[in-house]
Amino acid sequence: MTDSPGRTSPGSSPSEETDKAAETAEAIEATEAAQEGRPAQWAQEQPPPGDWSTSAQGPPRQRRSTGERARARTGPGPSHGAGGGVPGPQGPQAGWQQAGRPQWGRPQAPQPGVIPLRPLQAGEIVEGAVRTMRIHWRAVLGISLTVAVGTQAVATVVDRLWDRGTPELDPLGGATPETPQELVEAIGNGLGGIGVAWLLSLVGSITAAALLTVIVSRAVLGRPVTAREAWRSARPQLGRMAGLMVLVPVLLIGVFAVGIVWGLLAAAAGAEQAGMSLTAVGGLAAMVVATWLWIRYSLAAPALMLEKQGVAAAMQRSAKLVRGAWWRVFGIQLISILITALVALMAQTVVVVFDVFIHGTGDQSVADATDWASLIEIGIAAVVSSALTLPVSAGMTALLYMDQRIRRESLDVELARSAGEGK
């Protein structure tokens, strides 16, 4: 292989080339000194005695370094560019970049698993969640499919039996409520079905979030994990996880209740117009407060699972990690919601197209919309959507928790140490 300016030979480095040039220069200087009868360590021209300060004729001639004399005699070395300049930002760094090597002084972060152990960007958090699902697909899809099929099967049965057995729960006959009293009655009558659906969703969310958080924590370290191992590790924390999953929604619902109760009371007292306006304003203010609280405690679940803390301690831990980074956490959680909604919309679209292809585009009655076939089709769409979105949302939340700890507590050092010890 022939060397060209700006590149080094495969078997040497820039420091080795400089040392060789220095040794050559010293040998040449020693030879010239022996021929002229002077000490090798002295330059050929000595400065005159007296004042060395700068004169009007310019600065005094200074002794060049060994490396400069070597470059003057031998010409541009292999660490120079094509123009023969001195080493600098355009010198050895440029040559090594052209050779496809990393820059000096910028070591890359270790990556034993699905993410590099350094502060992450939003796209890297999404990529890490998807990569976890792709690498550990057996455990991830096994958990998400089991949870989705179990909860959706029960929800479909309850929906069908509830709709057939309690038709009196729809006193409005499908009409839109026109007064606050009708709205309150409709909400109260529908709480039964909503409560059952929420309870089933809560059970599935608790189980999926707990198990998938464990899998993501192992995937960051590059360690394999099975669904059975994830269950064994998460089982002691499931009770606390259930408490957290109940407390946070109840807190958010309480905020909404406090925001709209005053308008509903005013409407019930007879001031319907003022009550509706007060309800709208209170609901908007409650939405803002509830969103702030949701982001504040959004990292409590991974903190509870990975730090083995209680419910209150996990919520305090989440508030500490989110403090000062609320908007960043909000943006990443919003991306997670958008991905979930997009996948759910795609799954429902596929089911609708399939239903139109099978049954045609004719009008269906309201009763047909709640028969077993339609409910099963809706359930299949929900299962596919949940199986794909649960790992992404849980993975993004767990990785966001780790990223905040890396930024604030240098967790990357501990993770790198743990990954090294596990090998």
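Good morning, colleagues. The structure is a predicted model, in which local features need pLDDT of at least 70, side-chain atom pairs count only at pLDDT 80 or more, and totals for chains, interfaces and linings use all residues. Residues are numbered from 1 along each chain as its sequence is written, and side-chain values use heavy atoms, with hydrogens and water left out.

I begin with the helices around H10. Helices (H or I, at least four residues) are DSSP runs, as are strands (E, at least two), and they are numbered from the N terminus. Two packed helices are described by the angle between their axes and the distance between the axes. The axes here are lines fitted to C-alpha atoms, for helices over the stretch in contact, and the angles run from 0 to 180 degrees between N-to-C directions.

How do H8 and H10 pack? Helix H8, residues 238-268, and helix H10, residues 300-307, pack at an angle of about 165°, and their axes are 10 Å apart. H8 and H10 are therefore roughly antiparallel to each other. On this scale, angles under 35 degrees count as roughly parallel, over 145 as roughly antiparallel, 65 to 115 as roughly perpendicular and the rest as oblique. The crossing of H8 and H10 is right-handed; a crossing is right-handed if the near helix is turned clockwise from the far one by less than a right angle, and left-handed if anticlockwise.

Which residues form this contact, where contact means heavy atoms within 4.5 Å? From H8, Arg240, Met241 and Leu244 meet Ala300, Ala301, Leu304 and Met305 of H10. The residues of this contact comprise six nonpolar, no polar and one charged. In this classification, Ala, Val, Leu, Ile, Met, Phe, Trp, Tyr, Cys and Pro count as nonpolar, Asp, Glu, Lys and Arg as charged, and the others, Gly among them, as polar.

With 15% relative accessibility, Ala301 counts as buried. Buried means under 20% relative accessible area, exposed over 50%, and partly exposed in between, with a 1.4 Å probe and protein chains only. Setting aside residues up to four places away in sequence, Ala301 touches Met241 and Leu244. Ala301 and Met245 are 56 residues apart in sequence, yet their C-alpha atoms are 8.2 Å apart in space.

I turn to the other partner of H10. H10 and H11 pack at an angle of about 120°, with axes 8 Å apart, and they are therefore oblique to each other. This crossing, too, is right-handed. Ala300, Ala303, Leu304 and Glu307 in H10 meet Val311, Ala314, Met315, Arg317 and Ser318 in H11. Here the contact residues divide into six nonpolar, one polar and two charged.

Helix H11 itself covers residues 311-322, twelve in number, and reaches 17 Å from its first C-alpha to its last, close to the 16 Å expected at 1.5 Å a residue. The expected span is 1.5 Å times one less than the number of residues. Its buried residues are Ala314, Met315, Arg317, Ser318, Ala319, Leu321 and Val322. After H11 comes Gly324, whose phi is positive, near 85°.

Next, the backbone of two loop residues. Most residues other than glycine have a negative phi, and most peptide bonds are trans. Lys308 has a positive phi near 55° and is not a glycine. Lys308 is placed in the loop between H10 and H11 and is partly exposed, with a relative accessible area of 45%. Ser410 also has a positive phi, of about 55°, although it is not a glycine. Ser410 lies in the loop between H13 and helix H14, residues 411-422, and counts as partly exposed at 44% relative accessibility.

Beyond its neighbours within four places in sequence, Ser233 is in contact with Val214, Arg218 and Lys308. Ser233 is partly exposed, with a relative accessible area of 22%.

Finally, is Gln404 buried or exposed? Gln404, in helix H13, residues 372-409, is buried, with a relative accessible area of 2%. Not counting residues up to four places away in sequence, Gln404 touches Leu299, Leu321, Ala325, Arg328 and Val329. Among these, Leu321 is one of the buried residues of H11.

Thank you for your attention.

Terms used: Contact means heavy atoms within 4.5 Å.
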